[in-house]
Amino acid sequence: MSYFLPHDRLESWLDDLERTHRVFAPTAEGRGVVFRRRKPTAESPAAPVCLERRPTESARHVLFPRSEVLLAFRSAHDESGTRVEVFEQEAPAPQVIVGLRACDAKGFAVMDRVYMHGRYADPLYTARRKATVMAVLACVPGNGPDNACFCHWFASGHEEHDAADIVLTPASGGFLIAPVSDKGAEFMESHAGYLEQGNEELENAAAAQRLAAREFLEKHCPAPALSKTETAIMRQFGNSMLWETIGEPCLACGVCTHLCPSCYCFTITDETRGNAGARIRSWDTCLNAGYTLEASGHNPRAAKAQRLKNRIAHKFAYYPALHMGKSSCVGCGKCIRSCPVGVDIRAAVFRVLAADEE
Ligand code: SF4
Ligand code: SF4
């Protein structure tokens, strides 16, 4: 079953979702489009949702916060000894992310394999993931693929919804909304108040739009032989001249990793004051020099070229080796659009493949 949401009811529909869910949606801030929690109140409406521009950042922080307290503790001393109380996080409330693109939802599929289905499931990520509905906005011509996108390399694009629950496709003065998972169907049944029923004509028009977006992608950026990438990267691993050329312009600023929907590294710190403290998990990135700095002072990836090599190798070789050949890059192009010095991960892949064929 599909639904139709006219443009002029979009904000009301989002506000209505707040009845049962915390709602996260893209909103324009400065030159960027970022995911924020909508919090309409009686005194002030929520910031307007921005669905007409691609988000600058991914929605990763909604499930995997930039910094979060894993647990807090407090100790008390008396004549019977020391007691330590530990406070853990409460179970997450139901939430919905509206307006992430298919590639960003695919980024959560990348993280699921590590934090939900891996050998050691992360309880906080898993609980949030289960409590979250993903309402993807399909990319269509004029509101979607640009020259930095290459999701079709990984089937991360418009017809691939394996991490999505609902797909909204811009169509004829509104959005065609189609559930693509059981969770999505259940969610839509209880949030159809502002919606009209979809029909075959709208569904066909929406499918044609999504196909046109895909055709644009295939034409502007044909995929390389990705099956060869893993082997080529490993064979070229010791080719330091190649990696120095690729990494030469990089500033090691880490912007690419912070915007990426599928980078998931973190560091943990214990912070204490008096007899209380907290264990805090914060995003980290392999592009930071300190990421691999050992206590002895030795750093196995002291040079930025080595660190960029690690990032590329993780996306296209290490992760696929552990996850049935699936790349951890989803082709969203965020790193390409926002790199201050124009490093293009696609060009790096082509360069490694070319070097391997020489
Ligand atoms: S955004 Fe560009 S310059 Fe910054 S770390 Fe990434 S590749 Fe290097
Ligand atoms: S590496 Fe770049 S293109 Fe690939 S998923 Fe991350 S931000 Fe997107």
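This is a predicted model: local features need pLDDT of at least 70, side-chain atom pairs count only at pLDDT 80 or more; totals for chains, interfaces and linings use all residues.

**Notebook entries**

Residues are numbered from 1 along each chain as its sequence is written, and chains are lettered from A and ligands numbered from 1 in the order in which they are written.

**V341 and its surroundings**

I placed V341 in the loop between α11 (334–338) and α12 (345–357). Helices here are DSSP runs of H or I with at least four residues, strands are runs of E with at least two, and both are numbered from the N terminus. Leaving out residues up to four places away in sequence, V341 touches P249, C250 and L251; contact means C-beta atoms, placed from the backbone, within 7 Å. V341 and P249 are 92 residues apart in sequence, yet their C-alpha atoms are 6.4 Å apart.

**Ligand 1**

Which residues are around ligand 1? I listed C250, L251, A252, C253, G254, V255, C256, L287, C339, P340, V341 and V343. To be near a molecule, a residue needs its C-beta atom, placed from the backbone, within 6 Å of it. This shell divides into 11 nonpolar, 1 polar and no charged residues. For the classes, Ala, Val, Leu, Ile, Met, Phe, Trp, Tyr, Cys and Pro count as nonpolar, Asp, Glu, Lys and Arg as charged, and the others, Gly among them, as polar.

Then I went through some shell members one by one.

- C250 sits in the loop between α8 and α9 and is partly exposed, with 18 C-beta neighbours inside 10 Å. Setting aside neighbours within four places in sequence, C250 is in contact with K304, L308, V341 and V343. C250 and R307 are 57 residues apart in sequence and 10.0 Å apart, C-alpha to C-alpha.
- A252 is in the loop between α8 and α9. A252 counts as partly exposed, because 15 other C-beta atoms lie within 10 Å.
- C253 is also placed in the loop between α8 and α9, and 16 other C-beta atoms within 10 Å make C253 partly exposed. From C253 to L287 I count 34 residues in sequence and 7.4 Å in space, C-alpha to C-alpha.

**Positive phi**

Most residues other than glycine have a negative phi. I flagged A252, not a glycine, for a positive phi of about 60°. M324, in the loop between α10 and α11, also went on my list, with a positive phi near 50°. M324 is exposed, because it has 7 C-beta neighbours inside 10 Å.

**Ligand 2**

I then turned to ligand 2, which has 14 residues around it, with C260, C329, C332, K334 and C335 coming nearest. The elements giving two or more residues to this shell are α9 (255–259) and α11. By class I noted 9 nonpolar, 3 polar and 2 charged residues.

**Two helices crossing**

How do α8 (residues 240–247) and α10 (residues 304–322) meet, and at what angle do their axes cross? The axes come within 8 Å and cross at roughly 90°. I keep in mind that axes are lines fitted to C-alpha atoms, for helices over the stretch in contact, with angles from 0 to 180 degrees between N-to-C directions. That makes α8 roughly perpendicular to α10; the label covers 65 to 115 degrees, with under 35 roughly parallel, over 145 roughly antiparallel and the rest oblique. The contact is made by W243, E244, I246 and G247 of α8 and K304, A305, L308 and K309 of α10. I sorted these into 4 nonpolar, 1 polar and 3 charged residues.

**The core**

Last, the largest nonpolar core has 80 residues, of which I97, M134, V136 and I166 touch the most other members. Such a core is a set of buried Ala, Val, Leu, Ile, Met, Phe, Trp, Tyr and Cys residues joined through C-beta atoms within 7 Å. Helix α3 (residues 102–115) gives the most to this core, with 8 residues. Beyond four places in sequence, I166 is in contact with V133, A135, V136, I177, P179, V180, G184, F187 and M188.

Terms used. Two residues are in contact if their C-beta atoms, placed from the backbone, lie within 7 Å. A residue is buried if 20 or more other C-beta atoms lie within 10 Å of its own, exposed if 12 or fewer, and partly exposed in between; C-beta atoms are placed from the backbone.
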